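User: I am new to reading structures of this kind. Could we go through one together, feature by feature?

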Amino acid sequence: MIEAPNLPLWAAIMVGTLAIAGAAMTLLGSIGLLRFKTFYDRLHPPTLGSSSGTLLIVAASVLCFSVLRSRLSVHEILIALFVTLTTPVTFMLLARAALYRDRVEGNEDVPRLEAQEALPGQSHDDSSA
Amino acid sequence: MSLSVLTWALSLAQVMLGLSLICVTYRIVTGPRAQDRVLGLDSLYICAMLMLVVFGIQTGRTLYFEAALIIALLGFTSTLALAKFLMRGEIIE
């Protein structure tokens with residue numbers, strides 16, 4: 001166990017609470033990822049870790065380094081900003097890829113396309129290719 | 001007093017993040033399809049990045065912040081490339 005930096009008590013309690021809350025959020029998200037049944041259900045819980053988990057732990061880091069150096073330290077916000085911006089993009093792309101794969105395989109659980117001829121491997125006319 | 005509070009709190013946070021890493025790794029190993037494994041990889045790098053940030057708080061150095069930023073950047077790219085690969089079958093067309 002590494003000894004933590006020497007902060008005043010109020011800062012230590014706040015940093016510890018924020019870090020534990022963020023880690024608990026991430027743990028909840030991972031348990032959800034483990035337990036949910038279908039892929040489209042499993043897309044949702046990891047965002048708990050990448051939104052609120054990241055925000056809380058980054059807030060703990062900002063508070064800790066601001067108190068340690070006695071000046072505002074905001075460079076950790078870069079991580080929160082970046083993760084918050086990129087997670088929706090990646091999960092949208094992943095969900096679209098999974099939907100495409102399920103449709104190509106003719107899986108009955110996903111909603112069908114209006115234009116069935118857009119799918120390869122099935123009867124389609126030349127205009128859609 | 002405040003020293004032990006912060007030490008125990010950060011250790012507890014690290015144990016929680018380690019447990020979530022185990023959950024995510026289980027999903028990567030057993031995930032029934034490729035998209036589940038990609039999703040698990042995405043959550044894995046988020047958990048590892050948060051672990052590094054907590055480690056940075058614990059040691060009081062900014063070195064770990066830079067490592068966490070690089071993990072966030074490259075993890076985004078890797079998930080994007082894998083999603084594109086699942087969609088198209090190739091990455092650079």
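**Reading the contacts and cores**

Analyst: Among contacts in chain A between residues at least 6 apart in sequence, 49% join residues at least 24 apart, where two residues are in contact if their C-beta atoms, placed from the backbone, lie within 7 Å. This is a predicted model, in which local features need pLDDT of at least 70 and side-chain atom pairs count only at pLDDT 80 or more, while totals for chains, interfaces and linings use all residues. Residues are numbered from 1 along each chain as its sequence is written, and chains are lettered from A and ligands numbered from 1 in the order in which they are written.

User: How many helices and strands does chain A have?

Analyst: Helices (H or I, at least four residues) and strands (E, at least two) are DSSP runs, numbered from the N terminus. Chain A has four helices and zero strands, so that its elements read α-α-α-α from the N terminus on.

User: How many residues of chain B are in contact with chain A?

Analyst: On the side of chain B there are 47 such residues, and they meet 53 residues of chain A. Helix 1 of chain B gives the largest share of the side that touches chain A, with 18 residues.

User: What is a nonpolar core, and which residues have the most contacts inside the largest one?

Analyst: A nonpolar core is a set of buried Ala, Val, Leu, Ile, Met, Phe, Trp, Tyr and Cys residues joined through C-beta atoms within 7 Å; a residue is buried if 20 or more other C-beta atoms lie within 10 Å of its own, exposed if 12 or fewer, and partly exposed in between. The largest core here has 44 residues, and those with the most contacts inside it are V15(A), A19(A), A13(B), L50(B), V53(B) and V54(B). Helix 2 of chain B gives the most to this core, with ten residues. Not counting residues up to four places away in sequence, V15(A) touches L7(A), A60(A), L63(A), C64(A), L6(B) and I57(B).

User: At what angle do helix 4 of chain A and helix 3 of chain B pack?

Analyst: Axes are lines fitted to C-alpha atoms, for helices over the stretch in contact, and angles run from 0 to 180 degrees between N-to-C directions. The angle here is about 15 degrees, with the axes 9 Å apart, and the two helices are therefore roughly parallel to each other, a term for angles under 35 degrees, whereas those over 145 count as roughly antiparallel, 65 to 115 as roughly perpendicular and the rest as oblique.
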